[in-house]
Amino acid sequence: MARNLSFVPDDDLRTELNAAAPASQRTAAFSVQAVGGPSAGSAITVSTPGRRVLVGQSEVCDLKLADRRVSRRHVALALAGDSLRVLDLGSSNGTYVVGLRVIDVLLRGGEDVVIGDTTLHVTRVDVTPDSSSVSPRSSFGRVVGSSPAMRALYPFCERLAQTDVTVLIEGETGTGKEILAESIHEAGPRANGPFVVFDCTTVAPNLLESELFGHERGAFTGASQARAGLFEQADGGTLLIDEIGDLEPTLQPKLLRAIERSEVRRVGGQRLLKFNVRVLTATRRDLDQEVQRGRFRDDLFHRIAVARLELPPLRARKGDVAVLARHFAHVEGADPSAIPYDQLLRWEDAPWPGNARELKNAVARYLALGDLSEAPSPGAAAVLPPSAAFEGLFALPLARAREELIDEFERVYIQHVLTVHGGDIAKAAAASGIARRQFFRLKARAAR
């Protein structure tokens, strides 16, 4: 039976959401209650897609247990389709279901979970979605997706955009965390201010403090002039600290102080400099586990995770692969119908370990190579017949040939999209579906 891969019309979707949904359209929620142990009677309901619920002794846990054999952050609970995902966070005494120690398990309701001296009973509760919990929109800013998993996130994004609270954006590599952060910035009252990105993985450890806080002239070898740090550069706007889970432990307390006091002292400086910056953070790491293992400060986590958004992987966004593929084709200046239906079906069934970024590259490759690619599914090799265009590449090792082909495509693409938008980098980045920082990187690389 053919699958419908098109957008759902907004009016039809509103009608569906506002109508009394039959049982088959209800979504799952789960009640988790302590039925044994020191905190018997305590309970929590897990009902929000994309949000983790923490259980443990820590003050930051949603379900706090007075059980000495329970770790500070013992388990994380989250919705996973019609199931409840229970993830052990590296606890000292383990998590048990039906007598078996588990690390990551999906439950359907009716099970008992034993942690320390506490027994948690899981009960499934069916709830009817309404227009306040599921957005009728198919995008938020430049974040595109009409799957239930994404539409459940949009109302939270819309509300958070109007606040100044710190937000932790979590998700696998390639899910679009930076684009979501920039979309939150652009939808809020700071939209006319700067949006500055600091990637903790791209700066040498000995330069991290200088990058964030700035330095005075002569502060260290090579500091020939004073330089404002990223907090100063982001004044009046938003600072995204990307991959914060990779931040050096020695810098974590300094970052905490800067965020709490809204002031920094440049390296080698004496004056405290005030700033007015909204801080967003993003990570591919499981920070709950990093805190449990002592690699990330609990107090810093508590400060940056006033609100948390977890971007689902592409494999969990049913129907969004085709939506995104057509979107990527459009921003590359192609007719979305240029991608045949059978190719969309093949992409829909792929695992996409690289998530939306991998899909975007697959679409670009398909549009660039056309019939030469023979529409391969992700992970399969494209069969390229010998031609003058590729003879030189065939003489190179595979890794080098692949790198040169991608570099050439990016160079041509960047030149094209800049020409189309009259050299306006902001518009070119938006049309490309990537953050401005990433566009600048590609432009600089293409110019070499």
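At what angle do helix H10 (residues 320-331) and helix H11 (residues 341-348) pack, and how far apart are their axes?

Modeller: The model is predicted: local features need pLDDT of at least 70, side-chain atom pairs count only at pLDDT 80 or more, and totals for chains, interfaces and linings use all residues. Residues are numbered from 1 along each chain as its sequence is written, and side-chain values use heavy atoms, with hydrogens and water left out.

Helices H10 and H11 pack at an angle of about 125°, and their axes lie 8 Å apart. Axes here are lines fitted to C-alpha atoms, for helices over the stretch in contact, and angles run from 0 to 180 degrees between N-to-C directions. The two helices, H10 and H11, are therefore oblique to each other; angles under 35 degrees count as roughly parallel, over 145 as roughly antiparallel, 65 to 115 as roughly perpendicular and the rest as oblique. Helices (H or I, at least four residues) and strands (E, at least two) are DSSP runs, numbered from the N terminus.

From H10, the contact is made by Asp320, Val321, Ala322, Ala325 and Arg326, and from H11 by Leu344, Trp347 and Glu348. Contact means heavy atoms within 4.5 Å. By class, the residues of the contact of H10 with H11 comprise 5 nonpolar, no polar and 3 charged. In this scheme Ala, Val, Leu, Ile, Met, Phe, Trp, Tyr, Cys and Pro count as nonpolar, Asp, Glu, Lys and Arg as charged, and the others, Gly among them, as polar.

The loop between H10 and H11 contains Ala334. Leaving aside neighbours within four places in sequence, Ala334 is in contact with Ala329 and Leu367. The C-alpha atoms of Ala334 and Leu367 are separated by 7.8 Å, although the two residues are 33 residues apart along the chain.

The axes of helix H15 (residues 425-432) and helix H16 (residues 436-447) come within 9 Å and cross at roughly 100°. Helices H15 and H16 are therefore roughly perpendicular to each other. Ile425, Ala426, Ala428, Ala429 and Ser432 of H15 meet Arg436, Phe439, Phe440 and Lys443 of H16 in this contact. The contact of H15 with H16 has 6 nonpolar, 1 polar and 2 charged residues.

Of its 448 residues, 47% count as buried, where buried means under 20% relative accessible area, exposed over 50% and partly exposed in between (1.4 Å probe, protein chains only). Among contacts in the protein chain between residues at least 6 apart in sequence, 61% join residues at least 24 apart.

Helix H4 (residues 177-186) is mostly covered, with 9 of its 10 residues buried. Among the buried residues of H4 are Lys177, Glu178 and His185.

Two loop residues complete the picture. Val98, in the loop between strand S7 (95-97) and strand S8 (100-101), has a positive phi of about 45° although it is not a glycine. Val98 counts as exposed, at 72% relative accessibility. Glu243, in the loop between strand S18 (238-242) and helix H7 (252-261), has a positive phi near 55° and is likewise a residue other than glycine. Glu243 is buried, with a relative accessible area of 9%.
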